[in-house]
Amino acid sequence: MLEMKNISKYYNPGTVNEMCLFEDFNLKIEEGEFLSIVGSNGSGKTSLLNIICGSIPLEDGQIYVNGKNISKEKEYKRNQMIGRVYQNPSLGTCPNMTILENMSLADNKGKIYGLSRGTNKARTPYYQELLQQLSLGLEDKLNTKVGALSGGQRQAMALLMATMSPIEFLILDEHTAALDPKTAELIMELTDKIVREKKLTTIMVTHNLRYAIEYGNRLIMMHQGEVVLDKKGKEKEEESIENLLDKFNAISIECGN
Amino acid sequence: MSFLISILEQGLIYGILGLGVYITYKILDFPDLTVDGSFPLGAAVTALLITKGVNPFVTLPIAFLVGMCAGAVTGLIHVKAKVRDLLSGIIMMTALWSVNLYIAGTSNVPLFSQNSIFKGNALVEALPKGIKPYATLLIIFVIAAVSKVLLDLYLKTKSGLLLRGVGDNDVLVTSLAKDQGNVKILGLAISNGLVALAGCIFAQEERLFEISMGTGSMVIGLASVIIGTSLLKKLTFIKATLAVFAGSIIYKACVAVALAKFDPKAKNFITAILFLVVLVLSMDRKAKVKKNA
């Protein structure tokens, strides 16, 4: 369970450009929830993910994971229990290393990176099995450098690598936004499958309203650092794209767009 | 013949330095100027130890360890004090000049009368007569080969993979719940350890410690790495670490040929021109993945 309490986040504090994004922001995410977050640009979706992961500092407030306050913990320490996939496919893999080396790196997350052999031959069949479920033919290219793969292939690998080790939270930051519609669909299906299999608590930021409706069991819409819509369970299932769009337009008109 | 042997000797010594520069420049993408200070640091430590009568072979690991410390300090300045990479190296390079003077005592320590790894030890005496003229080259070759193989092996370990990961995509390393700063410090330490080892061998080969011997060593290392990796990149079966040695020998040969035709005063000018030509021809400054998350 993840709980954000009284979160305050300012950009450029102490200058004339000071901008308040979150003030006294609260959000509670239950275990096993698959939460989709939608909202216009600048509404604080990605900042929210960055705050959870510790990539950006916090002015005020606490973040609790299973009752433990992690708001002072460093980013890399929090990542022990978090898997994250970025919008940019090249952020989830090492381009100058082979598929096998990338998978081995991810496989060792949470363990010591010592002087034992980096790639373990005995694990290769397991990696191939994982890659096979992508049906992208990557299982036969273990010694190819990841830099030679397409964006979609890299993103699929990034997703596999982020979820390979035991984690509690999966953070998806518009992870299908840079992909063509067909690949995006494939990645989304794969995401859903992995989340179900591993029973991961998932937070997905997306601009694709259809994905937000179709996948997951909770949906929130954000606007200027506030949650303006929060639907769970049955309520969420009844939500439609048209409804969401109307709500979206209403917000934009308020802003004067 | 002695001209050729001298090129090979110097090429192999600077190849070890090149291995160190390869780690920082190619793997970590960190322009590390500490090299100009850690190369003479290795030599200064060697001069001190040898004049105190320490076994010359013991100076090799000690120089490596002292170099590692210098590299680690550069890393700490960069990671913990958040100083820019280039500036951290310049700060260390400047400080090491005085450190080297303190260690060596003076700016010039002749080692002609002292024993070294090339002279006056049981290993060299045991060599057959026919090989003796090549003893120096042979010993340098063995040390260079061992350094190369050990570095290759290290880069295949889990720790080595992580080091390569930091240079490739530091966001991923953070995602793997590892502090990328610590990995960088480790990389800088290993790199400068190799550079100091090269300095240690160089001092024994030249039988001299000289305070300004490090000036320009960063450029030589860089030139070796760039010549080696860009000239031989088509030959994919050649490992980058081997290419660095090839680059270093080619570079030394070019400088030696140029020096035979020109005045010794022109040495640094030739070095600079050669380096410029190599840079323009290779143009391999890679576009890095920027942290945009």
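Predicted model: local features only at pLDDT ≥ 70, side-chain atom pairs only at ≥ 80, totals over all residues.
Visitor: What makes G67(B) buried rather than exposed?
Guide: The cut-off is 20 or more other C-beta atoms within 10 Å. G67(B) has 31 of them, so it counts as buried. This glycine lies in helix 3 of chain B, residues 56-79.

Visitor: Which residues does G67(B) touch, leaving aside those up to four places away in sequence?
Guide: On one side of the list are S38(B), L41(B) and G42(B), and then come N192(B), G193(B), V195(B), A196(B) and L197(B).

Visitor: Why are helix 1 and helix 9 of chain B called roughly antiparallel?
Guide: Look at the angle: helix 1 (residues 2-27) and helix 9 (residues 180-206) of chain B pack at about 165°, with axes 8 Å apart. Angles over 145 degrees count as roughly antiparallel, so this pair gets that label. Their crossing is left-handed.

Visitor: Which residues make that contact?
Guide: From helix 1 of chain B, the contributors include I13(B), L17(B), G20(B) and T24(B); from helix 9 of chain B, they include L188(B), S191(B), V195(B) and F202(B). By class, the contact of these two helices holds 15 nonpolar, five polar and two charged residues.

Visitor: And how do helix 10 and helix 12 of chain B pack?
Guide: Helix 10 (residues 217-231) and helix 12 (residues 267-282) of chain B meet at an angle of about 35°, their axes 10 Å apart. This crossing, too, is left-handed. Among the residues that meet are A223(B) and I227(B) from helix 10 of chain B, and L274(B) and V278(B) from helix 12 of chain B. The contact divides into eight nonpolar, three polar and no charged residues.

Visitor: How do you know that helix 7 of chain B is largely enclosed by the rest of the structure?
Guide: Count the buried residues: ten of the eleven in helix 7 of chain B qualify, so the helix is largely enclosed. Among them are K158(B), R164(B) and D168(B), along with L161(B), L162(B) and L163(B). The buried residues of helix 7 pack against helix 3 (99-107) of chain A, and also against helix 1, helix 6 (135-155), helix 8 and helix 9 of chain B.

Visitor: What does chain B bring to the contact with chain A?
Guide: Chain B puts in 22 residues and chain A 31. On the chain B side, helix 7 (158-168) and helix 8 (170-175) each supply at least two residues, and helix 7 gives the most, with eight. That side of chain B splits into eight nonpolar, eight polar and six charged residues.

Technical notes:
Residues numbered from 1 in each chain as written. Chains lettered and ligands numbered in written order. Contact = placed C-beta atoms within 7 Å. Helix = DSSP H or I, 4+ residues; strand = E, 2+ residues; numbered from the N terminus. Nonpolar A, V, L, I, M, F, W, Y, C, P; charged D, E, K, R; others polar. Axes fitted to C-alpha atoms, helices over the stretch in contact; angles between N-to-C directions. Left-handed = near helix turned anticlockwise from the far one by under 90°. Buried ≥ 20, exposed ≤ 12 C-beta atoms within 10 Å, placed from the backbone. Parallel < 35°, antiparallel > 145°, perpendicular 65-115°, else oblique.
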